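Please work through the two exercises below with the structure in view, trying each task before reading its solution.

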Amino acid sequence: MNYLIAILIILNLLSFVTFGIDKYLAIHKKRRISENRLLLLAIFGGSVGSLAGQKLFNHKTSKFKGVLWVVLVTHIFVFGAVLWSGY
């Protein structure tokens, strides 16, 4: 269980930083990080970091409207079920 928590922390930090880097690249008109990559990071466990990065950097707020919240709620249900089952 400790490994799962460590992996989730790393994924969320990575998601947060990736949103920040993509915002920086957007401002400086450089090659961007794909939306698929940003969404995959959120789906695979970085939903909290993605939402925090989206809000703090004011980035992809209209593109991902509501999508990251759905991913977060899904994660809460899945991880809640895992914890409830006593895994």
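Two exercises follow, each with a worked solution.

This is a predicted model, in which local features need pLDDT of at least 70 and side-chain atom pairs count only at pLDDT 80 or more, while totals for chains, interfaces and linings use all residues. Residues are numbered from 1 along each chain as its sequence is written, and side-chain values use heavy atoms, with hydrogens and water left out.

**Exercise 1.** Determine where helix H2 bends and by what angle.

Solution. Begin with the span: H2, covering residues 35-57, has 23 residues, yet its end C-alpha atoms are only 15 Å apart, whereas a straight helix would reach 33 Å at 1.5 Å a residue. (Helices are DSSP runs of H or I with at least four residues, numbered from the N terminus; the expected span is 1.5 Å times one less than the number of residues.) Next, locate the bend, which is about 135° at Gly 46, taken as the angle between axes fitted to the seven residues ending there and the seven starting there. Finally, look just past H2, where Asn 58 takes a positive phi of about 50°.

**Exercise 2.** Find which residue forms a salt bridge with Glu 35, and state how the pair relates to the chain.

Solution. The partner is Lys 60, with the closest N and O atoms 3.1 Å apart; a salt bridge requires a side-chain nitrogen of Lys or Arg within 4 Å of a carboxyl oxygen of Asp or Glu. Because Glu 35 lies in helix H2 and Lys 60 in the loop between H2 and H3, the pair ties together parts that are 25 residues apart in sequence. As for accessibility, Glu 35 is partly exposed at 28%, while Lys 60 counts as buried at 14% (buried means under 20% relative accessible area, exposed over 50%, partly exposed in between, with a 1.4 Å probe and protein chains only).

How values were computed. Helices (H or I, at least four residues) and strands (E, at least two) are DSSP runs, numbered from the N terminus.
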